[in-house]
Amino acid sequence: MYHCFRLTKGSDLKKEIESYTINNKISGVILCAVGCLNKLTIRLADGKSILEKEGMFEIVSITGTLSEDGGHIHISVSDENGSTIGGHLKDGCIVNTTAEIVLNIFDNIKFKREFDEKTGYDELVINN
């Protein structure tokens with residue numbers, strides 16, 4: 001099953017995806033997303049550093065697992081020069097004109113997130 005929706009200018013990408021997921025009681029994955037941002041906020045690969053940039057960014061890739069407990073989403077964007085950067089999606093990624101989101105929903109699998117003392121993060125738990 002699929003869910004599709006569109007975000008408009010000024011929407012916070014992460015907050016809106018997670019709100020949609022929670023409101024619709026979804027366990028699934030982001031199948032694809034296209035659009036653009038005028039503000040980028042991502043956590044970098046060191047797990048600590050937050051990168052915030054303003055400018056014109058094309059969404060070139062989003063991937064993630066979604067549950068009623070929240071999501072784990074990564075994003076890659078390109079700037080006006082074609083340079084690409086990516087990381088862990090954080091609150092504060094603001095849609096410029098549009099973001100078109102397509103989710104693949106699982107009927108027979110339930111995702112949830114539980115704190116993992118080893119990693120220090122809420123991690124995915126899969127229930128069949």
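This is a predicted model: local features need pLDDT of at least 70, side-chain atom pairs count only at pLDDT 80 or more; totals for chains, interfaces and linings use all residues.

Reply: Residues are numbered from 1 along each chain as its sequence is written, and side-chain values use heavy atoms, with hydrogens and water left out.

Me: Why is the pair of Phe-5 and Tyr-20 called stacked?

Reply: Rings of Phe, Tyr and Trp (its six-membered ring) pair if their centres lie within 6.5 Å; planes under 30 degrees apart are stacked, over 60 edge-to-face, the rest tilted. Phe-5 and Tyr-20 have ring centres 4.1 Å apart and planes at 20°, so the pair is stacked.

Me: What makes the pair of Phe-106 and Phe-111 edge-to-face?

Reply: The centres of Phe-106 and Phe-111 are 5.6 Å apart, with 75° between the planes.

Me: How do you know whether Phe-5 is buried or exposed?

Reply: Buried means under 20% relative accessible area, exposed over 50%, partly exposed in between (1.4 Å probe, protein chains only). Phe-5 has 14%, so Phe-5 counts as buried. Tyr-20 has 21%, so Tyr-20 is partly exposed.

Me: What makes Asp-91 and Lys-14 a salt bridge?

Reply: A salt bridge needs a side-chain nitrogen of Lys or Arg within 4 Å of a carboxyl oxygen of Asp or Glu. Asp-91 and Lys-14 have N to O at 3.7 Å, which is within that limit. Asp-91 lies in the loop between strand S5 (84–89) and strand S6 (94–105) and Lys-14 in helix H1, so the pair ties together parts 77 residues apart in sequence. Helices (H or I, at least four residues) and strands (E, at least two) are DSSP runs, numbered from the N terminus. Lys-14, Glu-18 and Asp-91 are linked in a network of salt bridges.

Me: What makes residues of the lining of the largest pocket charged, polar or nonpolar?

Reply: Asp, Glu, Lys and Arg count as charged; Ala, Val, Leu, Ile, Met, Phe, Trp, Tyr, Cys and Pro as nonpolar; the others, Gly among them, as polar. By that rule the lining divides into eight charged, four polar and one nonpolar.
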